[in-house]
Protein chains: 2
Amino acid sequence: MAAWSSSPSLRHLLLLRPRLPLGPTCLAGSFSRRHVHSRRRRLFSSASSSTLTHGDAASAHVDGDGVVDVNPPRGTRDFPPEEMRLRTWLFDQFREVSRLMAFEEVDFPVLESEALFIRKAGEEITQQLYNFEDKGGRRVVLRPEITPSLARLVIKQGKSVSLPLKWFTIGQCWRYERMTRGRRREHYQWNMDIFGVPKVQAEAELLQAIVLLFQRLGIPSSDVGIRVSSRKVLQAVLNMYSIPEHLFTEVCVIVDKLGKLTREEIEKELMSTGLSSEAVQGIIEVLSLKSLSKLEEVLGSGVEAVADLKKLFSFAEQYGYADWICFDASVVRGLAYYTGIVFEAFDREGKLRAICGGGRYDRLLSTFGSEDIPACGFGFGDAVIVELLKEKGLLPDMPRQIDDIVFPLDEELEGPASSIASSLRKKGRAVDLVEDKRLKWVFKHAERINASRLILVGNSEWERGMVRVKILSTREEFEVKAGELE
Amino acid sequence: MAAWSSSPSLRHLLLLRPRLPLGPTCLAGSFSRRHVHSRRRRLFSSASSSTLTHGDAASAHVDGDGVVDVNPPRGTRDFPPEEMRLRTWLFDQFREVSRLMAFEEVDFPVLESEALFIRKAGEEITQQLYNFEDKGGRRVVLRPEITPSLARLVIKQGKSVSLPLKWFTIGQCWRYERMTRGRRREHYQWNMDIFGVPKVQAEAELLQAIVLLFQRLGIPSSDVGIRVSSRKVLQAVLNMYSIPEHLFTEVCVIVDKLGKLTREEIEKELMSTGLSSEAVQGIIEVLSLKSLSKLEEVLGSGVEAVADLKKLFSFAEQYGYADWICFDASVVRGLAYYTGIVFEAFDREGKLRAICGGGRYDRLLSTFGSEDIPACGFGFGDAVIVELLKEKGLLPDMPRQIDDIVFPLDEELEGPASSIASSLRKKGRAVDLVEDKRLKWVFKHAERINASRLILVGNSEWERGMVRVKILSTREEFEVKAGELE
């Protein structure tokens, strides 16, 4: 009940800072779809993990005195007004870019059947499912990502819709890890997906959306880039060494850990799938390529991977975002279902994890028993981008904004004050009706919430059907007939 | 891939109809906070319920052939574009009214600690918790309502915030029932809550918000009303019969079932708490009162309940919504924590369940081990209101709306087309870039998505740096220099 500090922007920043996922602790605590999450997983032995689980269970939500823990469940966030304004602003940017790109919004239950997410490639995302059995004995999951739900709905809509579909969604995703240290268990994710376009033109559209977003947020291409490759690069290498098709996904998931595990660990994991050491060396060498012409030299120009990538980079020129993207063969992405172009946005200083990631997944629908439809998309989390904006000083100041405060100076005038508030609201004005406060508090309050006007209902004026209006920016004061307030 | 029907509005309605919760099945299948949900609960014997559970488990989400069920988990909804537009429109109305009332938006995790919702009054809401144990052994729940989270955050914010707080939120709520028949397990709810105002002025504000919403939706007071009473009415009756304080909540929860159970069943339940049959008769008689003056006669004018209600009805006159509200002593609401004014909106034809409901809960915070703060609020679900709008023909037609379609007539012109789409988007236009289709399809598509312009990139024009523009409303066609497109 202590008053706010008098400067709204200062207060805003003070309140904002400790809660946003901006510190190094929270940095590790957020995650993004299609990005292998826990690069620190190996740091936790199973022993320490069980210790942490124990600590977890000990901090139960009701103590002996019946006092409820005021924090949300571990790893989850509340959004008090200041953080909610920031989130709404960010989501509005997501929505505006989606509108410009002519994508339609869709949504899904946050609770899905576990079957949608059961994949056998050893992805981290499927190892950290927030899953449980409901009372009907069914395996359900708080979704870790949204693509499978999108695919499910596409199949369900079936022939009633005409392809291509361009859909976006913004929703909460979950993961369960037993470790603690402020790692988050939920985040929000913006997804844009195109179903029904087999050509890289679709990926080119997705990349424009991402670049448009960065531009709207004020982030230049000198701060952020998008690494692009294709899983067909890896496919071509596997073909060169006659490695069987069924190992493809597994190899992708392992290779995605480059940079998180040591080269030796990666080699060991690859060898354990049965690859020859020659093939392993070949894979690792190709993945180190950062130039498309070098790739063409190694794989030959007839290879699909090279043709796709060249086409995509040529589109990038036409769209005008060529300076945002670069070829990097080491980009594979951690999700099992990607089949072609893959990409991820990164900060050029290299401080943060991937900002977003995505790619083509032409064969996901058949894993659900349906006919395949070519598709690609990306997921863009709400965590890393906010870290980056904060770092670059690009987080907007978002104070409250109210049109009018109506304040009766006397309890008997509460009725008339209500009537005035009511009629101003009907005219579209945002009105805060304040009662039982001192005038001094009201003035401070007006400053805090950035009110445009203060409307005082006092006895002497009201007897004449008048109210006193104060314009807070100019400190101008005058009387108006109550009925003539606009 | 079959084309849409050519009339967008017809298609919209056709697609909309079967999915919206409008039929009698779905009518029973939706629910609203602070409204005792399953008036049909007694219709299901435990035998039929276990049969249904069995059926539930049998329809597993993956069949023998690895085909994934394309439906979302039972009782939950997908939102394809048409339904999403409707939901967004409704939520925008919620948000706009909240803005007019100067409420701030907040949000909470959909997953909460079970402890927040454990209450012993026998409320239906706590008997249908969608709860489970997480892998850390903690009892968690998909929240059935949002008020406890709001209270939790108010406690957590503590003295850093100045009262009153006026907060709103829109979020998904869950319940778990073993029965089926299309009953829904999730819905979205708009909540508005005021913390720190002990007087009925706060309730008067909430009622204005509800009325403003109805007015925005085009619903007149001849179609909808708000029944108002106070739990202090029941409190006064209990005092008259010297019934111990600790029975208050339990009696409220039982009495709320009036109209759902028979009078005899209610009487039986009340007797079973230990009330005398005289007290039971007294309660039931008072609850039948529909006039405030009659209530005053029975309880006496010194009683708080009467003073509160008279004050509230006098405010209603000042706000200008007196014709929307009526006193009805039978309104008690089903949630345990209400302490004062309670209200619910209803359709005057009496076909639907409560549209929204709320009331004062001055003693909720102390049940969480904190100091109490006077509070009141309401929950307004997304289901019944849509039924009502549908019934009254007030659901708006919400077709897609796109500014431009850009279409290259030749594959070689895909680059220039991308460039044109890109530059139009940078100017703020919503642009659908279409490729690999026949011109006929493109024209139909333009009609379906309500495009304003069609921009054709053809060889002969492009050689001269021109594109062909067609204004779809007027069928006007002309050539423009590509660089001069606005």
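Me: Glu205(A) has a relative accessible area of 4%. Is Glu205(A) buried or exposed?

Reply: Buried means under 20% relative accessible area, exposed over 50%, partly exposed in between (1.4 Å probe, protein chains only). Glu205(A), at 4%, is therefore buried. This is a predicted model, with local features needing pLDDT of at least 70 and side-chain atom pairs pLDDT 80 or more, while totals for chains, interfaces and linings use all residues. Residues count from 1 along each chain, chains are lettered from A and ligands numbered from 1 as written, and side-chain values use heavy atoms, without hydrogens and water.

Me: Which residue does Glu205(A) meet in a salt bridge?

Reply: A salt bridge puts a Lys or Arg side-chain nitrogen within 4 Å of an Asp or Glu carboxyl oxygen. Here the partner of Glu205(A) is Arg425(B), at 2.8 Å, N to O. The pair runs from helix H7 (residues 201-217) of chain A to helix H16 (residues 414-426) of chain B, crossing between chains. Helices (H or I, at least four residues) and strands (E, at least two) are DSSP runs, numbered from the N terminus. Arg425(B) is buried too, at 1%.

Me: How many salt bridges does the structure hold?

Reply: Over all chains, 91. One of them links Asp78(A) and Lys156(B), also 2.8 Å from N to O. Asp78(A) sits in the loop between helices H3 (46-58) and H4 (81-100) of chain A and Lys156(B) in helix H6 (residues 147-157) of chain B, so this pair joins two chains. Asp78(A) is buried at 7%, whereas Lys156(B) is partly exposed at 29%.
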